[in-house]
Amino acid sequence: MKLLIFMTVFFCLMLAVLLAVLFSHPRFPEKESTPSLLNREPVPYAEDETHFDHAKLYADLKNRFVDLEFFMDAQVMTEGILLHWLNSQKPEKRVLFDVTDTKAADLLLKALQKTHWQKDQTESDIYVLIRENEQARQKTNAFFSRFFQDQGLSFTAALCETDGLYAKNGHLYALIAEERWPSIDFAMDCDEGMTEEIIRRFQKKVSPHREKEDREYYAVLKKAMPAEEKLPFGRKEALAAVIREMPFAEIRFRPVAQFRKEEGRNLIRLSAENEEELEKGISVMAELLQETDLSYGILRQNRSAETLRNSCFLLADIKKAVQTVYAPQAVLDHGDTALAGWPGIDTVGFAPYRNDGQDEQEKQLAFYRCLIVSQSPETRDGN
């Protein structure tokens with residue numbers, strides 16, 4: 001009888017210890033107060049919201065490129081303009097150029113126009129999707145995703161517009177954005193101000209660190225600093241101040257939380273360079289949300305994203321083109337968390353524009369020519 005009592009007391013104590021450990025450990029709950037946000041696919045924008053005059057935009061294009069129909073086939077839709085290079089000989093490498101900037105569209109079409117009249121061979125089967133502006137892009141992405149699927153158009157890679165050339169202290173850096181950064185979206189049940197406050201608290205709690213395995217990147221960051229400043233070693237506050245000045249640095253040194261708004265919902269997108277760093281950020285964010293007792297849901301997550309660095313030919317081609325034309329101080333894989341990416345398509349972000357406004361149209365045109373032509377045209381015609 002005594003043994004039974006002893007065993008009962010022992011197991012009760014063990015149960016109490018286990019429960020204490022369980023409740024003291026940081027949790028990552030998916031709260032029941034927001035069940036509609038859990039396990040839910042993003043709702044596409046309604047097609048009747050797209051009221052953009054792409055027919056007029058196409059007419060303007062034809063006025064600027066009177067020979068457009070000689071080298072590009074066109075499908076003009078309410079949602080956008082899809083152009084197809086008529087001289088393709090490499091359908092196994094099909095590339096989508098996703099364009100909303102008029103200057104980028106003109107540069108790309110000038111490069112294709114010149115390629116056509118000089119009878120140069122292209123590297124890929126080229127499609128150009130032109131939308132009127134960023135708003136049109138957001139509202140028609142769902143439509144074109146379905147359109148490509150219905151038409152059997154499978155693209156090997158896509159190039160979207162993101163910041164491309166960053167100038168600092170007389171040096172030029174090429175920032176090539178990848179879509180595949182591990183991330184998780186928290187759908188918040190609070191107003192925009194409180195969501196931004198959570199982000200501020202998160203960034204204070206997540207200390208920047210030096211990646212031991214990434215000495216080359218650290219060296220590049222050091223070169224971007226003014227000569228009179230020293231990049232701190234082991235001083236987290238000083239390093240935090242440094243990376244705030246370098247738009248391409250933060251995601252490489254700590255998880256990043258960014259505010260996003262989608263379908264009227266306030267979101268926090270947490271992104272990191274790898275899955276291990278993302279998990280660290282998730283733990284910190286979970287503790288913050290529990291402290292504030294805010295309701296939230298997990299809208300989507302991608303914790304096991306793989307980099308495109310060694311698998312995407314377009315990423316390699318962009319690096320080669322930008323090195324040929326601009327000879328930058330360094331070419332960096334940029335953690336641009338705003339790059340949404342096309343579903344099922346390796347998506348890369350780059351545009352040959354400098355952040356200091358010192359753009360050279362000849363070099364921009366040469367970049368696109370180098371990217372689309374099988375053999376670099378620079379040695380032959382200087383453009």
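This is a predicted model: local features need pLDDT of at least 70, side-chain atom pairs count only at pLDDT 80 or more; totals for chains, interfaces and linings use all residues.
The chain contains 13 helices and 13 strands, taken as DSSP runs (H or I of at least four residues for helices, E of at least two for strands) and numbered from the N terminus. Of its 383 residues, 48% count as buried, that is, under 20% relative accessible area with a 1.4 Å probe and protein chains only. The chain exposes about 19,700 Å², of which carbon and sulfur atoms supply 51%, the areas coming from the Shrake-Rupley method with a 1.4 Å probe.

Residues are numbered from 1 along each chain as its sequence is written. Local features need pLDDT of at least 70 and side-chain atom pairs count only at pLDDT 80 or more, whereas totals for chains, interfaces and linings use all residues, and side-chain values use heavy atoms, with hydrogens and water left out.

The axes of helix α4 (residues 102-117) and helix α12 (residues 361-372), being lines fitted to C-alpha atoms over the stretch in contact, with angles from 0 to 180 degrees between N-to-C directions, come within 9 Å and cross at roughly 60°. The two helices are therefore oblique to each other, a class that holds the angles left over when those under 35 degrees (roughly parallel), over 145 (roughly antiparallel) and 65 to 115 (roughly perpendicular) are set aside. Among the residues that make the contact are Leu107, Leu108 and Ala111 of α4 and Leu365, Tyr368 and Ile372 of α12. The residues of this contact divide into eight nonpolar, three polar and four charged, where Ala, Val, Leu, Ile, Met, Phe, Trp, Tyr, Cys and Pro count as nonpolar, Asp, Glu, Lys and Arg as charged, and the others, Gly among them, as polar.

Threonine 100 lies in the loop between β3 (94-99) and α4, and counts as buried because its relative accessibility is 14%. Its C-alpha atom is separated by 5.7 Å from that of isoleucine 130, 30 residues apart along the chain. Leaving aside residues up to four places away in sequence, threonine 100 touches Arg131, Glu132, Asn133, Glu134, Arg137 and Glu161.

For helix α6 (residues 192-205) and helix α10 (residues 275-292), the axes come within 10 Å and cross at roughly 130°, which makes α6 oblique to α10. Met194, Ile198, Arg201, Phe202 and Lys205 in α6 meet residues of α10 including Val284, Met285, Leu288 and Leu289, and the residues of the contact comprise seven nonpolar, two polar and four charged.

Definitions and conventions. Buried means under 20% relative accessible area, exposed over 50%, partly exposed in between (1.4 Å probe, protein chains only). Contact means heavy atoms within 4.5 Å.
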